Amino acid sequence: MKQITAIIRDERLNAVKDALASIDCKSLTVTDVKGRGEQLGITESYRGNEYRIDLLTKVEIMTVVHDEKAPEVIKVICEAAKTGKSGDGKIFIQNVEDVIRIRTGEHGDIALD
């Protein structure tokens, strides 16, 4: 099993959710986050004064999928989240040792579905 965590622009959330639903990836967790990457924030101007916003609003999407489904999920997130501009985000992939469904106590692949 793989945990796929994507940090994306907040305005791309609906496109990514719809794209994941289209490949039957139903389970996900969404968290509002702030951060910065290579661009180190943005510079804005208000009434002639410049100021720097160094932590930008982003959305973190996390899902756990079977190993064979991971490449498709990653591809779909990349396609749906991409604007071609700096700050589109990142995807992190981790191995998951086990999953436990709390309601039934089931472990492993059966608990994931």
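Guide: Gladly! Strands (DSSP E, at least two residues) and helices (DSSP H or I, at least four residues) are runs numbered from the N terminus. The model is predicted, so local features need pLDDT of at least 70 and side-chain atom pairs pLDDT 80 or more, while totals for chains, interfaces and linings use all residues. Residues are numbered from 1 along each chain as its sequence is written, and side-chain values use heavy atoms, without hydrogens or water.

Visitor: What makes β1 and β5 a pair of strands?

Guide: Two strands pair if DSSP finds at least two bridges between them. Strand β1 (residues 2-9) and strand β5 (residues 56-65) are joined by 8 bridges and run antiparallel, so they meet that definition. Lysine 2 stands opposite valine 65 in β5, and arginine 9 has lysine 58 of β5 as its bridge partner.

Visitor: How do you know that β2 pairs with β5 too?

Guide: The same test applies: 7 bridges join these antiparallel strands, against the at least two that pairing needs.

Visitor: Why are β2 and β6 called edge strands?

Guide: The open sheet has 4 strands in the order β2-β5-β1-β6, paired antiparallel. In it, β2 (29-35) and β6 (89-95) each pair on one side only.

Visitor: What makes the packing of α1 and α2 a contact?

Guide: Contact means heavy atoms within 4.5 Å. On the α1 side it involves Ala15, Val16, Ala19 and Leu20, and on the α2 side Val73, Val76, Ile77, Ala80 and Ala81. By class there are 9 nonpolar, no polar and no charged residues. Nonpolar means Ala, Val, Leu, Ile, Met, Phe, Trp, Tyr, Cys or Pro; charged means Asp, Glu, Lys or Arg; the others, Gly among them, are polar.

Visitor: What angle do α1 and α2 pack at?

Guide: Helix α1 (residues 13-22) and α2 pack at about 150°, with their axes 8 Å apart. Axes are lines fitted to C-alpha atoms, for helices over the stretch in contact, and angles run from 0 to 180 degrees between N-to-C directions.

Visitor: And which strand gives the largest share of the lining of the largest pocket?

Guide: That is β5, with 4 residues. A pocket is an open set of points on a 1 Å grid over the protein atoms alone, where a 1.4 Å probe fits, with protein on both sides within 12 Å along at least five of seven lines; lining residues have an atom within 4 Å of a point. The lining has 14 residues, with Lys26, Ser27, Val64, Val65 and Leu112 nearest the centre.
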